[in-house]
Amino acid sequence: MTEPTEAEPPVHHWHIDSRCTNCDAARQLAPGLVGEAQGRSVLLRQPQDPYETAQLYAAAYACPTRSVRPPGGRLGELPGRRPDGRPDERRDPFPMALDDTGTVLLCGHNSRHTAGANSYLLRRPDGTTMMVDTPRWSPALADRHEAFGPVTDVLLTHRDHAAHGRRYADRFGARLWIHEGDLDAAPDADRVLRGDGPAEVGAGVLAVPFPGHTRGSVLYVADEQYCFTGDSFYWSRTTADIEVVDSVTWYSIRELAASLARTADRLRFEWVLPGHGDRHRFPHDEMSHRLRALAARTERLRPRPVDFTAVRW
């Protein structure tokens, strides 16, 4: 693929360039404006009002390759620049609250080093926060996140999302957590989760070991409301249900099925908050029903070759 160059004239409309890696972040944030075709995101139409324009700016600031480009945007530029050439942070909506409580915020600024995974801030009643997985590394982004309260812990869901964990933890003076099954991805972690039993990592926050996608995958469940699932399961817009990524299960689909069977009747939450794939909320009873159904479906799956193109976003 040929990347745009600085010699190219500016394009006077929103577009998505060829660097897109099909991580799905833009489609989550600008549904109806961004779609998928031939293994990458494509712009379906231009925004028609300020709300839709704001959706595209959110997609642009989340995109790990900066492929979502505003009118006049050039390679390497952040969208929404001021006349003096500096980024206009008023266009950047992140961290972005997911609901009216403001308890969980989407970090945006997804990183190429985590395959464009989503990350989150979890605000606690005592005024502190926890970071679940990490956005791309930037001291300026760290300042933005810390403005919501001192960050006490950086919780890694698994090895694929460990790239910036140590830098953020050191910047915040926070504890870095990972499971022993993925410890080689963060050997300098401050706290190591062990075994397959749940462990409290903070008041109201449980770590639930969940081997399958990787040996050391972990769910973090907060306040019986929010479940940060890493890459263990996600909300699929294609199937309108909770799904596992069986085509990209690095460790064992059978272990993933066993993790679901072991926990489906015990987990209690309303929000599915994955690293890859979309977010969704259901009442407790409906979520429990769907989780048990997912456990039953996953038990019937068998190992298959890794195929990124088979993910049902």
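Guide: A salt bridge here is a side-chain nitrogen of Lys or Arg within 4 Å of a carboxyl oxygen of Asp or Glu. The model is predicted. Arg-281 and Glu-270 form such a pair, with their closest N and O atoms 3.1 Å apart. This pair links distant parts of the chain, eleven residues apart: Arg-281 belongs to strand 19 (residues 280–281), while Glu-270 lies in the loop between helix 5 (253–263) and strand 18 (271–274). Arg-281 counts as partly exposed, at 42% relative accessibility, whereas Glu-270 counts as buried, at 12%. Elsewhere, salt bridges with shared partners join Asp-241, Glu-243, Glu-286, Arg-290, Arg-297 and Arg-312 into one network.

A search of the whole structure finds 26 salt bridges. One of them is between Arg-237 and Asp-24, where the closest N and O atoms are 2.6 Å apart. Asp-24 is buried because its relative accessible area is 1%; Arg-237, at 33% relative accessibility, counts as partly exposed.

Glu-36 and Arg-27 also meet through their side chains in a salt bridge, at 3.8 Å from N to O. Here Arg-27 counts as buried, with 4% relative accessibility, and Glu-36 counts as partly exposed, with 43%.

Key. Residues are numbered from 1 along each chain as its sequence is written. This is a predicted model: local features need pLDDT of at least 70, side-chain atom pairs count only at pLDDT 80 or more; totals for chains, interfaces and linings use all residues. Side-chain values use heavy atoms; hydrogens and water are left out. Buried means under 20% relative accessible area, exposed over 50%, partly exposed in between (1.4 Å probe, protein chains only). Helices (H or I, at least four residues) and strands (E, at least two) are DSSP runs, numbered from the N terminus.
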